[in-house]
Amino acid sequence: MKRAWAWMAAMTLAFAAGGCAASNQTYYEQAQRYLGCGDYATAAQLFRQLGEYRDAAEYVLYCEGLYAMEQGNLDLARANLAEVEPFKSSQRYLRYLEARALQDDGDLTGALAQYEALGSFADSAELAKALREAIPLQQLAQCEALIRAGQYTQALSLLDTMTLSEEVSALQEQCRQGIEKLQYDQACALYDSGRYEEALAAFEAMGDSLDAPARMMLCRSAMYRQAVSTAP
């Protein structure tokens, strides 16, 4: 379809060059049709032929912005559309490009909010649906990375905000075990350094986890021996 429209545009330009010049309004209407069909390059070329006729100059930048976006040149698309904002749908396209930038930077939650605000504009609805499926996977990956780094509290906080599933439950349990092990190691370090009262309090805070009750007895015995050794 685009090839047929491009052929018609070429014929139009040829007639104009041969003396059968079409009226400005005819060029304008043809350019509108190309724009409506998504042939942004040809539309921009026709609008450029119109010079200062009506809003042709704005349409040139608008069509070139859409063509640049179609080609993946998002910076150029953003620059052209910002130049004519709020012409036509330039504002919504700029918000769409902002969502694309957030998505490319890994901010899927921010991108999802932008796509949802755009509703059915362009392919925003389809991209929003894809992000709703991708965000939980990204969050799980973040939690796994935090757990590997020993940052169990941060991982558990993130997991508590997520929809409960088998994967989430397994990671939550892993975080709880990691937190207990950190507390246990810290209490053992206090005991080994002779700070028996602090170690006793730390083991008591753990309740029945691991062998905390047995360690509490060791702390009390050590405190008794320490008291006896220092008694006059």
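**Figure 1. Gln 172 and its contacts.** Beyond its neighbours up to four places away in sequence, Gln 172 touches Leu 156, Leu 159, Asp 160 and Leu 164. The model shown here is predicted. Gln 172 belongs to helix H10, residues 166–192. Is Gln 172 buried or exposed? Its relative accessible area is 10%. Buried means under 20%, so Gln 172 is buried.

**Figure 2. The whole chain, for orientation.** Twelve helices and zero strands make up the element count of the protein chain. Read from the N terminus, the order is α-α-α-α-α-α-α-α-α-α-α-α. Of the 232 residues, 36% are buried. The protein chain exposes about 13700 Å². Carbon and sulfur atoms supply 53% of that area. Among contacts with a separation of 6 or more, 42% join residues 24 or more positions apart.

Figure 3. H12 covers residues 212–230, 19 residues in total. From first C-alpha to last, H12 reaches 27 Å. That is close to the 27 Å expected at 1.5 Å a residue. Ala 212, Met 216, Cys 219 and Ala 222 are buried in H12. Why do the buried residues of H12 line one face? Seen down the axis, they fall within an arc of 125 degrees, so they line one face of the helix. An α-helix has 3.6 residues a turn, so residues three or four places apart point the same way. The buried residues of H12 pack against H10 and against helix H11, residues 196–205. Turned away from that buried side is a face with the exposed residues Met 217, Tyr 224, Arg 225 and Ser 229.

Figure 4. Tyr 196, Ala 199, Leu 200 and Phe 203 are the buried residues of H11. They cover an arc of only 100 degrees around the axis, which puts them on the same side of H11. What do these buried residues pack against? Their partners are H10 and H12. Glu 197 and Ala 205 are exposed, on the face of H11 turned away from its buried side. After H11 comes Gly 207. The phi of Gly 207 is positive, near 65 degrees.

**Figure 5. The largest pocket.** About 210 Å³ of space lies in this pocket. Its lining counts 13 residues. Which of them are closest to the centre? They are Ile 135, Pro 136, Gln 139, Met 162 and Thr 163. Two elements give two or more residues to the lining: helix H7 (108–118) and helix H8 (124–148). H8 gives the most, with six residues. Rolling a probe the size of a water molecule over the atoms shows where empty space is left.

**Figure 6. Leu 74 in helix H5.** Leu 74 lies in H5, which spans residues 74–84. Its relative accessibility is 14%. Buried means under 20%, so Leu 74 counts as buried. Which residues does Leu 74 contact, leaving aside neighbours within four places in sequence? They are Met 69, Leu 97, Arg 100 and Asp 104. Leu 74 and Ala 101 are 27 residues apart in sequence. In space, their C-alpha atoms are 8.7 Å apart.

Key: Residues numbered from 1 in each chain as written. Predicted model: local features only at pLDDT ≥ 70, side-chain atom pairs only at ≥ 80, totals over all residues. Heavy atoms only, no water. Helix = DSSP H or I, 4+ residues; strand = E, 2+ residues; numbered from the N terminus. Buried < 20%, exposed > 50% of the residue type's maximum accessible area, 1.4 Å probe, protein only. Contact = heavy atoms within 4.5 Å. Expected span 1.5 Å × (residues − 1). Arc of directions from axis to C-beta. Areas by Shrake-Rupley, 256 points an atom, 1.4 Å probe, with all protein chains shown as cover. 1 Å grid on protein atoms, 1.4 Å probe; cavity = no way out; pocket = protein on both sides within 12 Å on 5 of 7 lines; lining within 4 Å. Points joined across faces, edges and corners; volume = space filled by probe spheres on them.
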